[in-house]
Amino acid sequence: ALVLMVGVMANAATVPVSCPTTSDPAPTVSNDAVTCINAAITAATPGDTLVFPVLTYSIQGAIVVNKALTLQGANAGVMPTGTTRGSGETKFLKVTNDQYGLSWTLISVESSDVTINGFELGDDGNYGIVIPGVTSAYQNLAFSYNWIHLSPDLTASIVVDQNPPATPGPMTNVQINHNYITATAGVVISLSGGFTLSNLTISD
């Protein structure tokens with residue numbers, strides 16, 4: 001196991017994510033963002049850091065993080081205040097919402113060892129970051145330094161969701177720190193079916 005861990009760390013890389021932009025308004029919007037970002041996740045090696053520039057990404061569907069990765073926005077480690085930080089934000093902008101499944105969600109986290117740091121998540125999404133129906137023992141999740149502001153109805157910024165028929169798996173070491181949240185609900189923990197959650201930290 002130790003040899004495998006060393007191999008993964010040795011192969012980990014910092015990878016800039018480049019997505020196409022449109023001319024209206026140039027160069028601030030990427031309209032094919034979900035396809036582009038999910039392709040970058042698919043191509044990444046577990047342990048990689050995907051680095052996003054200052055850009056507004058129009059999200060139709062959900063970004064699915066299904067392996068151990070760090071998603072790093074332009075303001076990683078910078079305390080959010082509810083206004084634009086520095087030279088601008090890496091913004092995931094939800095532009096459609098059909099009120100079913102992952103279309104409600106901006107980012108769906110479906111793996112252990114995932115960090116999301118330094119983003120702005122906004123507008124029509126009902127959910128910002130979701131860990132949907134946990135079926136395995138996820139651990140080491142960190143959501144920090146994000147500015148999350150969503151539409152006013154049925155909104156929750158960060159959701160840990162365990163609902164049947166998923167087979168429950170224990171979740172450990174979840175860190176939700178230094179986020180600026182304006183939504184109907186901030187952090188929602190939904191538990192059922194014998195699911196356990198330990199070592200949860202939430203701070204401002």
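This is a predicted model: local features need pLDDT of at least 70, side-chain atom pairs count only at pLDDT 80 or more; totals for chains, interfaces and linings use all residues.
The protein chain contains two helices and 18 strands. Of its 204 residues, 45% are buried. The chain exposes about 9200 Å², and carbon and sulfur atoms supply 57% of this area. Among the contacts with a separation of 6 or more, 75% are accounted for by residues 24 or more positions apart.

Residue F92 belongs to strand β7, which spans residues 90-94. Burial extends along this strand, as five of its five residues are buried. Both faces of β7 are covered: T90, F92 and K94 lie on one side, K91 and L93 lie on the other, and all of them are buried. For F92 itself the relative accessible area is 0%, and because buried means under 20%, F92 counts as buried. Strand β7 is joined to β4 by five bridges, and the two strands run parallel. Within this pairing, T56 has K91 of β7 as its bridge partner.

A pair of aromatic rings is described by the distance of the centres and the angle of the planes. Five aromatic pairs were counted in the model. In the pair formed by F52 and F92, the ring centres are 5.7 Å apart and the planes stand at 85°. Planes over 60 degrees apart count as edge-to-face, and the pair of F52 and F92 is therefore assigned to that class. F52 is located in the loop between β3 (49-51) and β4 (55-59), whereas F92 is located in β7, so the pair ties together parts that are 40 residues apart in sequence. F52 is also buried, with a relative accessible area of 2%. One aromatic cluster is formed by F52, Y57, F92 and F119.

When residues up to four places away in sequence are not counted, F92 touches I37, F52, Y57, I59, I63, L106, I107, F119, E120, L121 and G122.

Notes: Residues are numbered from 1 along each chain as its sequence is written. Side-chain values use heavy atoms; hydrogens and water are left out. Rings of Phe, Tyr and Trp (its six-membered ring) pair if their centres lie within 6.5 Å; planes under 30 degrees apart count as stacked, over 60 as edge-to-face and the rest as tilted. Helices (H or I, at least four residues) and strands (E, at least two) are DSSP runs, numbered from the N terminus. Buried means under 20% relative accessible area, exposed over 50%, partly exposed in between (1.4 Å probe, protein chains only). Two strands pair if DSSP finds at least two bridges between them. Contact means heavy atoms within 4.5 Å. Accessible areas come from the Shrake-Rupley method with a 1.4 Å probe; for residues, only the protein chains shown count as cover.
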